[in-house]
Amino acid sequence: MTDSANKWTMHRSRIAAFALLGVVTAYGVYQFAGGEWRVALESWRGRVHVLPLVLVLAALDVGLEMFAAMWVYERFGIRAFDGRGALASLAIRAGLLLPAQLNRLIRPDGFVRLGRGEMTRCLEAEGATFVLDTLSVLALIVGLAAWRLNPMLGPAAFLAVALTGLAVGRFASGWLEGTRFALPAEFWWRPSTLGIVAVEAGCWLAHGAAFWVLVRGLPGGVGAVEAILGSAVASVLGAVSGAPGGVGVVDGVLGASLHWMEVPGEHMALAVLGFRLASFWLWIPIGWIALVLTRRGGTNSSVEVAVEPEPL
């Protein structure tokens with residue numbers, strides 16, 4: 001297949017994917033508009049003083065995730081730490097309603113459109129981002145569970161899981177050599193890789209802290225550790241379910257965690273709706289704005305000269 005034919009096929013594929021994303025988002029917004037979000041907004045009137053902090057923490061969650069992803073891309077020799085790189089990274093939020101983590105294809109495509117790298121390299125960077133993100137949340141869940149037993153055990157458990165995961169990645173890189181999933185062994189066992197895991201864990205902490213700020217004034221035994229742990233577990237189960245945006249699954253698990261913390265039923269639904277509004281639904285239109293700006297600023301010309309990559 002000629003180069004022009006490849007470009008034509010890629011262009012058509014992008015148009016089809018963009019149209020599909022639009023349909024999925026429109027359907028999700030329709031479902032959202034028919035829900036009880038107005039009731040959730042009404043319930044916030046009496047707690048308007050916590051709203052700014054909830055939104056700041058939700059923004060910190062998104063910002064840290066973007067920073068970690070851009071750091072990974074930079075390590076793969078893809079220039080990411082600038083305004084356009086930030087837009088390409090933020091655009092992933094436009095696809096939050098796509099099932100099975102398919103929104104993760106938006107970011108590498110954005111960097112390709114910007115001429116920052118070849119698709120194969122960008123997909124490798126996104127795959128590494130996903131693996132480190134998954135490792136960070138698993139390490140955080142184990143660390144928080146250990147913290148409940150003994151606060152001294154929490155950081156040690158987090159570090160043990162993180163280092164074990166990186167060691168497994170280094171060991172498994174030999175098995176995957178020669179496949180599309182292979183990553184250099186040096187990528188895993190470096191301080192910068194552990195730093196990325198720590199940043200990703202920070203975004204999960206900010207996510208959970210936003211949930212805790214929203215529910216801490218409710219009747220029941222809502223503690224910070226329990227709230228952060230509940231939000232992390234809900235997000236993981238939502239992702240594993242493959243449901244679009246984890247809708248239904250995340251909400252149900254959050255409600256179950258509040259029930260376990262003895263929050264009265266009349267407060268649970270409103271708290272979950274309010275939290276999802278701030279941490280999920282709000283970012284879909286913001287992601288669309290970033291996606292449109294990325295497409296306008298994109299280029300299908302030759303790839304830019306990549307940054308000198310950090311040794312993986």
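Arg121 and Glu124 are separated by about one helical turn, because they stand three residues apart in helix H6 (helices, H or I, are DSSP runs of at least four residues, numbered from the N terminus). Their side chains meet in a salt bridge at 3.3 Å, N to O, where a salt bridge is a side-chain nitrogen of Lys or Arg within 4 Å of a carboxyl oxygen of Asp or Glu. Arg121 counts as partly exposed at 30% relative accessibility, and Glu124 is also partly exposed, with a relative accessible area of 22%; buried means under 20% relative accessible area, exposed over 50%, and partly exposed in between, with a 1.4 Å probe and protein chains only.

This is a predicted model, in which local features need pLDDT of at least 70 and side-chain atom pairs count only at pLDDT 80 or more, while totals for chains, interfaces and linings use all residues. Residues are numbered from 1 along each chain as its sequence is written, and side-chain values use heavy atoms, with hydrogens and water left out.

**Salt bridges**

- By the rule above, the count comes to 10 salt bridges.
- One of them joins the side chains of Glu65 and Arg107 at 3.1 Å, N to O, and this pair links distant parts of the chain, since Glu65 lies in helix H3 and Arg107 in helix H5 (residues 106-113), 42 residues apart.
- Arg107 also forms a salt bridge with Glu126, the closest N and O atoms being 2.8 Å apart; Glu126 belongs to helix H6 (residues 119-149), 19 residues from Arg107.
- Both Glu65 and Arg107 are buried, and Glu126 is buried as well.

**Nonpolar cores**

- A nonpolar core is a set of buried Ala, Val, Leu, Ile, Met, Phe, Trp, Tyr and Cys residues joined through side-chain atoms within 4.5 Å, and in the largest one, which has 44 residues, Phe76 and Leu132 touch the most other members.
- Helix H3 (residues 51-75) gives the most to this core, with seven residues.
- Leaving aside residues up to four places away in sequence, Leu132 touches Val72, Leu166, Phe187, Trp188, Thr193, Ile196, Val197 and Glu200, where contact means heavy atoms within 4.5 Å.
- A second, separate core of 23 residues includes Ala210, Val222, Val272 and Phe275.

**Aromatic rings**

- The count comes to seven aromatic pairs, taking rings of Phe, Tyr and Trp (its six-membered ring) as paired if their centres lie within 6.5 Å, with planes under 30 degrees apart called stacked, over 60 edge-to-face and the rest tilted.
- Phe187 and Trp188 form an edge-to-face pair, 5.3 Å centre to centre with 85 degrees between the planes; Phe187 is buried at 0% relative accessibility, and Trp188 is buried at 7%.
- Phe211 and Phe275 form a tilted pair, 4.9 Å centre to centre with 55 degrees between the planes, which links helix H9 (residues 191-215) to helix H12 (residues 265-281) across 64 residues.
- Both Phe211 and Phe275 are buried.
- Phe67, Trp71 and Phe81 form one aromatic cluster.

**Cysteines**

- The structure holds zero disulfides, a disulfide being a pair of cysteine sulfur atoms within 2.5 Å.
- Cys122 counts as buried at 0% relative accessibility, and Cys203 counts as buried at 3%.

Technical notes:
Helix = DSSP H or I, 4+ residues; strand = E, 2+ residues; numbered from the N terminus.
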